[in-house]
Amino acid sequence: MGEHDVYLRHSTVKKDGKVHTYWRLVRSVRVGTKVVQQTVAHLGELDSEGRAKAQLLAKSITGRDSGQRDLFEAEPAPHRRVEVRLDQIRLERGRAFGDVWLGWTLWRALKLDEVCAKVLPRGRESVTWASMAAILVIARLCEPSSELHIAEDWYRKTALEDILGVSVEEVNDDRLYRALDALLPHKTALEQHLKHRLGELFQLDYDLLLYDVTSTYFEGEAAANPQAKRGHSRDHRPDCRQICIALVVTKEGVPLGYEIFDGNRTDITTVEEIVSTMERRFGKSDRVWVMDRGMTSEDNLAWFWQTNRRYLVGTPKAELKKWEQQIVDEKDWCKVREGLEVKLCAGPNGKETFVLCRSEARQKKEQAMHESFAARIEEGLQNLKRRLDARKKKEDRGRVERQIGRLLQRNSRAAARFKVQVKEDATIACGLSLSWSTDAAWQQWAMRTEGCYILRTNISDWTPESLWQTYIQLTEAEAAFRIQKSELSIRPIWHHKQGRVHAHILVCFLAHALWKTLEQWQSRAGLGNSPRTTLDELALIQSTDVVLPTTESPSRELRLRCVVQPDAAQRVLLNRLGLRLPERIRLPASASVPV
């Protein structure tokens, strides 16, 4: 087996009494002195029906048959014979093609080119704002970076100049900043368009919506932005000002809409506003709102109940104490899947249902966390005691108690396990003695409740299995934030003006829509659910100019702008997605054309 060989490997999984064979495409790549295997694509079960569905989906996404000529592919020119100097043929102007071409395909698949052309009609500007919006979003999808990096480095290395017909000289940071300003007023129109188009492509329904809030921070003081404030940082950057972003997604994790709040806004205060905003924008229906425990408050739940809205929410850990007897009682637990059981309990007011859940995996995780934090506290107390015993001078009691407080705060998950005492002791040089013991009641309660959590809902006609399965889909909202932060680099924010910050987040939202479109597309085509793998693999496909010096006098060179043909791995990806690369790209009128 040589370097860069591509081959198929398979694994078998027994599921529901049936053996399934899953295939993946593997490439051999040399790393230093070793040849390692890299998975290029997960192909799933290679059946003819799946391939046919992938082709139909590709047609619905791209809006054309795979054999149709691409709009930027050059039309055949009239032929005449010409002699070429074979020893002087060369390649010039290599550009990254595959990833930006796929991004542009996704942009058109969502018909964002049409809606942007409608809301941003051509004026006196030399480059349309619709084209600049496409550059911003495709760049965010393919290589997230600042507008300055796009203008000075990224754009000139890609084939977007050929795809969009916007020259490198016309893409500068000032024009990109002004494109942000032009795009922002149309946020609502873009959200409404995407709801319709994504629902149309992937048969989405909106009877179940997932809602979550995150924060993203600024570099610098962001003094010009009144929303930039210090608050609870999910990025572990309490030193930075931030804003909060509330995101609503479907059960598949497809983004529906978002709102931006002040950086010190608490989650529970956003619920009524975001639900009302989404309903004004997309209509009110008998949908279920799914939220985590950070959104739960008695006022919020009372508002849902009074306005006849349905909800399914997590509850704070403290809620477990109210259901101690039901947790201990082994009757009526129902097994949902291996390692997970649930129990349905009627609420005390008769209007709500509570779902008690206990998970073996979660139990092991929480037990390990408790033991880890307890060990840290024990070690910290031992070190403090040794210092006090060795000290020859009087020690300030307040200082010691503050040190203990900080130690317990850093390890709060196990802090209640310890009873710590600091006493005056004249027999010791420092004047203080330190002792501690463990709380047996806390230990017993922890053992009972590790791995347990409670869901709360006003839905009365669902099974406990259905309620749990629905709530667990909230991980799609959490995954959406991970995509925004890790894959699309929404953070940190370098803009300081409020409008530019909002526009930056809108571009990330649109890129997220492209990302989820690709994810849904490749998942249905049996390529797994990692768009970054697909984008990185296709980014290796380049376009280049083939320069052909002729024997004519005076000397003349012919230039053909071509797409370098994909290798075996890339061909598999393209075939599974139902895509066909163009072979030729239309040259500008000023360039030489083939004869």
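Predicted model: local features only at pLDDT ≥ 70, side-chain atom pairs only at ≥ 80, totals over all residues.
**Notebook: a look around the chain**

**Entry 1, Arg561.** I began with a pair of side chains: Arg561 and Asp545 are joined by a polar contact of 2.7 Å. Here a polar contact is a pair of N or O atoms within 3.5 Å; within protein, one must be able to donate a hydrogen and the other to accept it, and residues adjacent in sequence count only if both atoms are side-chain atoms. The side chain of Arg561 also has a polar contact of 2.9 Å with that of Asp162. I found Arg561 in strand β17, which covers residues 557-563. Is Arg561 buried or exposed? Arg561 is buried, because its relative accessible area is 8% (buried is under 20%, exposed over 50%, partly exposed in between, with a 1.4 Å probe and protein chains only).

Residues are numbered from 1 along each chain as its sequence is written, and side-chain values use heavy atoms, with hydrogens and water left out.

The chain has 595 residues, and 49% of them count as buried. I then turned to contacts, meaning heavy atoms within 4.5 Å. Of the contacts in the chain with a separation of 6 or more, 67% are between residues 24 or more positions apart.

Strand β6 (residues 242-250) holds Ile245. With a relative accessible area of 7%, Ile245 is buried. Phe481 is 236 residues from Ile245 along the chain, yet their C-alpha atoms are separated by 9.5 Å.

How do α16 and α17 cross? The axes of α16 (residues 475-487) and α17 (residues 498-524) come within 11 Å and cross at roughly 115°; axes are lines fitted to C-alpha atoms, for helices over the stretch in contact, and angles run from 0 to 180 degrees between N-to-C directions. So α16 is roughly perpendicular to α17 (65 to 115 degrees; under 35 is roughly parallel, over 145 roughly antiparallel, the rest oblique). Glu476, Ala480, Ile483, Gln484 and Glu487 of α16 meet Cys508, Phe509, His512, Trp515 and Lys516 of α17. In the loop between these helices I found Pro492. A cis peptide bond joins Pro492 to Arg491, with omega about -15°.

**Entry 6, helix α18.** I checked how covered α18 (residues 531-538) is, and six of its eight residues are buried. They are Pro531, Arg532, Thr534, Leu535, Glu537 and Leu538.

Lys111 is not a glycine, but its phi is positive, near 60°. I located Lys111 in the loop between α2 (98-109) and α3 (112-119). Lys111 counts as partly exposed because its relative accessibility is 31%. For His236, phi is near 60° too, again positive in a residue other than glycine. The loop between β5 (208-217) and β6 is where His236 sits. At 68% relative accessibility, His236 counts as exposed.

Technical notes
Helix = DSSP H or I, 4+ residues; strand = E, 2+ residues; numbered from the N terminus.
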